[in-house]
Amino acid sequence: MFKDITLGQYFPGNSFLHKLDPRMKLVLAVFYIVLIFLAKSAPAYALVFLFTVLLIAVSGISFITVLKSLKPIFLVLIFTTLINIFWNNGTTVLFEWKFIVITLEGIIRAITMALRIILLMVSTSVILMYTTSPIALTDGLEQLLSPLAKIKIPVHTFAMMMTMALRFIPTLLEETQKIINAQKARGADFDSGNIITKAKALIPVLIPLLISQFRRAEELATAMECRCYRGGGGRTRMTILHFSVRDFISAGLVLALFAGILLLNFYFPALIK
Amino acid sequence: MMTAEWSITVAEIVIKAENLCFSYESENPNEQLPVLENLNLEIEKGSFVAVLGHNGSGKSTLAKLFNLILTPTGGNLYLFGKKIDEETMTEDEFFELRRRIGMVFQNPDNQLVATIVEEDVAFGPENLGIPTEKIRKRVDDALEIVGMTAFAKHSPHQLSGGQKQRIAIAGIIALRPDVIIFDESTAMLDPRGRSDVLATIEKLNRDFGTTILHITHYMEEAIRADRVIVVDKGKIALDGTPREVFSHVATVKAAGLDVPQVTELMLAINRDGIELPKDALSWEEGADAIEAYILKRKTEK
């Protein structure tokens with residue numbers, strides 16, 4: 001049952017976004033987040049919104065999948081919207097009943113805030129999570145942060161840990177399933193009782209799992225030593241990332257968007273004071 | 001031109017152990033737990049040696065000493081003619097010897113580090129600091145040798161045990177070692193995976209002249225080697241060709257091992273008063289001997 005698990009939320013594909021260099025994607029994703037916060041006026045918002053829709057269209061991932069990515073933050077969205085509607089000091093009162101005052105400014109603020117959160121979530125997941133394999137992401141991060149090694153930050157070690165964690169997630173799940181089956185065969189009951197009984201029932205699964213992972217770590221360390229692993233120093237790579245025209249085009253586009261938003265902010269009034 | 005005729009080819013010794021001892025520290029500081037005691041052994045270049053022994057006989061410790069994971073507590077160890085001495089050797093020398101003596105372990109899962117097969121095979125060469133262009137070739141060659149080229153882009157968890165073990169072997173081949181030690185590398189595999197891995201081992205020995213040290217407890221695998229060493233209680237109990245070794249049935253059994261089933265069958269038949277060759281190792285040999293006997297009896301009648 002765990003055999004075909006997808007790591008992270010990566011959707012393999014061959015789109016423009018998939019082919020971008022992970023380093024460029026990381027930088028652009030950060031830039032894009034800044035952009036979303038910079039947008040102040042209605043036309044600027046519209047521009048970012050349109051661009052995000054364009055990103056989804058280019059990525060080849062269905063809009064429904066993208067909307068589903070909002071599920072985990074659904075409560076946060078509702079909460080922010082309500083707070084912004086009821087707690088604010090706008091002047092254009094639309095509705096008043098006892099202590100509840102709803103103003104036009106409040107509604108506009110609620111909508112812009114919600115839109116901002118949605119855009120943040122959607123753009124980062126489309127640019128980074130959905131179109132970049134976890135391994136490419138780790139590689140990109142390692143190479144991007146490699147200058148930090150000069151000030152003694154163990155970038156390679158962290159990247160190696162990430163890669164190995166990714167490598168062993170399926171193995172770990174497989175092993176968990178094996179232990180669960182073995183304990184079930186001995187009469188363990190994982191399905192009945194309240195939450196506390198269920199959590200307690202997991203102890204006979206977690207302890208063997210933990211022990212076997214320590215053993216695995218030990219064996220893996222020996223195997224790595226046998227393959228002459230001695231940390232990041234003096235290592236070379238088989239695949240070296242190269243920037244292509246594609247990467248510069250996308251950087252140009254994001255810069256143009258940046259300029260556009262600044263201009264629109266300048267000529268149109270801000271939505272939120 | 002006399003010299004050529006007179007020169008005797010002396011096989012190069014890649015591993016030499018002289019009174020090699022190893023003991024683990026026990027909790028009581030005055031007491032030591034000996035694993036290997038005064039072991040003497042020479043492994044020739046290009047040979048295919050099977051090491052047999054029951055659990056706790058010290059056979060895996062032996063492998064770990066040869067690969068410099070453990071250091072001997074007594075005696076001398078020479079690798080490629082160089083005496084191993086922790087104090088005078090530099091770290092680079094250590095790693096160079098480790099590269100030349102590769103090791104494949106029992107559990108294939110615990111040897112693969114990357115999420116993509118070819119990345120994993122590249123791990124060793126990357127550690128050695130080999131230039132990027134050359135790594136590609138090493139990886140492709142290694143995958144070709146183990147017959148896993150088609151799986152280069154797969155992730156390890158999509159593969160069967162035998163396939164994973166072949167990837168682990170490829171990861172070692174990519175380091176271009178002179179000796180490969182297989183530490184019960186077939187023990188966790190199904191029969192299909194085992195025969196694939198064994199075929200790969202034989203290919204490495206035959207076609208590439210790699211010296212093989214195959215630690216196993218499957219007799220059927222041991223008979224395919226040129227030389228069999230039986231380790232018992234930290235000592236070498238028997239050493240010779242498979243045929244020689246398995247003819248010493250009592251010693252083999254005393255070491256907690258079995259002789260191949262065919263040899264056992266031949267012995268049982270012999271005990272019943274029918275004379276058949278006792279040293280048959282493979283099923284074919286056994287079947288031929290029995291057939292010859294039956295035909296002989298027919299003609300006698």
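Student: Which residue in β8(B) does B:Ile181 stand opposite?

Tutor: In this predicted model, the residue facing B:Ile181 is B:Leu213 of β8(B). As a general idea, the strands of a sheet pair through backbone hydrogen bonds, in either a parallel or an antiparallel arrangement.

Student: How many bridges join β7 to β8 in chain B, and do the strands run parallel or antiparallel?

Tutor: Strand β7 (residues 179–183) and strand β8 (residues 211–216) of chain B are joined by 5 bridges, and they run parallel.

Student: What is the strand order of the open sheet in chain B?

Tutor: The order is β6-β7-β8-β3-β9-β10, an open sheet of 6 strands with mixed pairing. Its edge strands, β6 (101–104) and β10 (235–240) of chain B, each pair on one side only. From one strand to the next, the twist averages 20°.

Student: Which strands does helix α7 of chain B lie across?

Tutor: Helix α7 (residues 191–208) of chain B lies across β3 (48–52), β7 and β8 of chain B. Relative to β8(B), helix α7 of chain B runs at about 155°.

Student: Now the contact between the chains. How many residues does each chain contribute?

Tutor: Chain A gives 25 residues and chain B gives 33 residues. On the side of chain A that touches chain B, α8 (155–185) and α10 (203–226) of chain A each supply at least two residues.

Note on methods
Residues numbered from 1 in each chain as written. Chains lettered and ligands numbered in written order. Predicted model: local features only at pLDDT ≥ 70, side-chain atom pairs only at ≥ 80, totals over all residues. Contact = placed C-beta atoms within 7 Å. Helix = DSSP H or I, 4+ residues; strand = E, 2+ residues; numbered from the N terminus. Pairing = 2+ DSSP bridges. Axes fitted to C-alpha atoms, helices over the stretch in contact; angles between N-to-C directions.
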